[in-house]
Amino acid sequence: MVFITYIRHALQQRSRMFLPTPVHLPQGSRSRSQTLLQEASVVHSVEHGFPQLLPLGFRVLTKLKTLIQYEMNHVGGQELYLSAVGRKNTWEMCDRWNLMHNELFKFKDHDEEYCLSPTHEEAITKLVSSVCKSLPRSNYPLLVYQITWKYRNEPNYRHGLLRTKEFLMKDLYSFHRDEDCAHQIYEQVCDAYERIFQKLELNCFKVPADSGLMGGSLNHEFLAVSSVGEDTILICSKCNRGYLNNKTQCEHEDKTEQRAIELGHCFLLGDRYTKAFNAIEGSSDTAIDKKPLIMGCYGIGLTRLMAASVEILTSKDSNNIRWPKRIVPYQVAILPPKKGSPEETIGNEKTLGRLLQLDNNEWFIDDRTELTIGYRLKDCEKMGIPIVIAFGKRANKENLCEVIDVYNNRTEYLSYEETLKFIQNYYSLFC
């Protein structure tokens, strides 16, 4: 075909994409995202709680990671990396080796006992403790974060990526010289969380919550309404706020009870960990001034957030994924004419060729021209591709691009220049 000569390596070909047909689809799952993600070959499986992400899923997760990195850097966070392996004696410092006994994957190496870390409060506090006595005051408040794979021996793994034993999480830790600064940073990070969820087009409720085994004096969960959620939230229709059932209730009587998914959690931990690890602000020579640093921690599960976005945004009567526009796997798909059809040899080879010469890794071409345009369009819709450019009868006859706005269920016939402008305007508010 004529269009093959125009394909550049930067433009991904659908025929070469690794999208294996799912072998074992979940049976009777209440989670729509679990089924949709596997049917679209975004996730291969979450066997026994351990996810297998395919290239489409990895692209989505990478974009989500970039979005969260931006907001964490914006509040002053510095990214680092901590080992997933935690030593027993470190976890015993705050007694979480015993308190979280059933949740930890534990193992031995020679005579040492270790765990695979579900979170890193002990590890980061130990690190800060080893260097804080020589840190200048200008380092405070100190905000460090990582986005790494965590492990929890979850006996009730379920709903695909929503509850797993292995998950990608962003955990930010803050260290402060006083309570006032800690509270200011706490509010700034909470605001950053709200911006993240807004960018992902998710209506989230910030609600006071229980500290549980984490400890601390102040914490909030960020919850989004979903029938598959495992939390119960009361939503006040007058003030549009959410409340957990076991927390102080809204003064209005007009409340509805909904199921909700936890998307993020913020804690103000005080000195629980810093006192245990002797993490102090070391610029003072006076013993009485050497108080433990005040600490906060802030978590978002990226793999859970990825699935929750699909769960919440995809219409109940649709089998096609709807992504937040900022994290779609690809922004645009191009569908050339079917091989052997009249449209293959007459019409706008020039327009198609110009599109295929664009150096854009957010676009791909479905070059399986032995299949009809309608069949390939359904594949794109199932993957959650927002814009499809097709070259069917009318497009070829009038030398136009058939631009299909999948998320808004509308089609326009545009010139080459109008098509590029349409796509630019479509994503300008999101990317």
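1. In this predicted model, helix H1 meets helix H8 through Arg32, Ser33, Leu36 and Leu37 on the H1 side and Ala307, Val310 and Glu311 on the H8 side. Sorted by class, the residues of this contact comprise four nonpolar, one polar and two charged. H1 spans residues 32–39, and its axis lies 8 Å from that of H8, at an angle of about 105°. The two helices are therefore roughly perpendicular, since angles of 65 to 115 degrees are counted in that class.

2. H8, residues 302–313, also packs against helix H2, residues 55–74. Here the angle is about 110° and the axes are 10 Å apart, which makes H2 roughly perpendicular to H8. The crossing of H2 and H8 is right-handed. H2 contributes Gly57, Val60, Leu61, Leu64, Lys65 and Ile68, while H8 contributes Leu302, Thr303, Leu305 and Met306. Seven of the residues in the contact of H2 with H8 are nonpolar, two are polar and one is charged.

3. H2 has a further packing arrangement with helix H6, in which the axes are 10 Å apart and the angle is about 155°. H2 and H6 are therefore roughly antiparallel to each other, as the class takes in angles over 145 degrees. The crossing of H2 and H6 is right-handed. The contact involves Leu67, Ile68, Tyr70, Glu71, Met72 and His74 of H2, together with Ala192, Tyr193, Arg195, Ile196 and Lys199 of H6. By class, the contact of H2 with H6 holds seven nonpolar residues, one polar residue and three charged residues. Ile68 of H2 is listed in the contact with H8 and in the contact with H6.

4. Turning to aromatic pairs, a search of the whole structure finds nine. One of them is formed by Tyr193 and Phe222, with 5.4 Å centre to centre and 55° between the planes, a tilted arrangement. This pair links distant parts of the chain: Tyr193 belongs to helix H6 (residues 179–199) and Phe222 to strand S11 (residues 218–225), 29 residues apart. Tyr193 is also among the H6 residues in contact with H2.

5. The next topic is the six-stranded sheet. This open sheet has the strand order S1-S17-S16-S18-S19-S20, and its pairing is mixed. Strand S1 (12–13) and strand S20 (410–414) are the edge strands; each has a single partner strand, so one side of each is left without a neighbour in the sheet. S20 pairs with strand S19 (residues 401–405) in the antiparallel sense, over five bridges. Within this pairing, Cys401 has Leu414 of S20 as its bridge partner.

6. A second open sheet has three strands in the order S5-S7-S6, with antiparallel pairing. Strand S5 (85–87) and strand S6 (105–109) stand at its edges, and each has a single partner strand, so one side of each lacks a neighbour in the sheet. From one strand to the next, the twist averages 35°. S5 runs antiparallel to strand S7 (residues 112–116), to which three bridges join it. Arg87 has Tyr114 of S7 as its bridge partner.

7. Strand S2 (residues 43–47) and strand S3 (residues 50–53) run antiparallel and are joined by four bridges. Ser45 stands opposite Gln52 in S3. The hairpin of S2 and S3 has two residues between the strands, and His48 in this hairpin takes a positive phi near 55°.

8. Most residues other than glycine have a negative phi, and most peptide bonds are trans. Glu201 has a phi near 65°, a positive value in a residue other than glycine. Glu201 is located in the loop between H6 and strand S10 (204–208). The peptide bond from Tyr140 to Pro141 is cis, with omega near 0°. Pro141 is placed in the loop between helix H5 (121–131) and strand S8 (142–151).

Notes: Residues numbered from 1 in each chain as written. Predicted model: local features only at pLDDT ≥ 70, side-chain atom pairs only at ≥ 80, totals over all residues. Heavy atoms only, no water. Pairing = 2+ DSSP bridges. Axes fitted to C-alpha atoms, helices over the stretch in contact; angles between N-to-C directions. Parallel < 35°, antiparallel > 145°, perpendicular 65-115°, else oblique. Left-handed = near helix turned anticlockwise from the far one by under 90°. Contact = heavy atoms within 4.5 Å. Nonpolar A, V, L, I, M, F, W, Y, C, P; charged D, E, K, R; others polar. Phe/Tyr/Trp six-rings, centres within 6.5 Å; stacked < 30°, edge-to-face > 60°.
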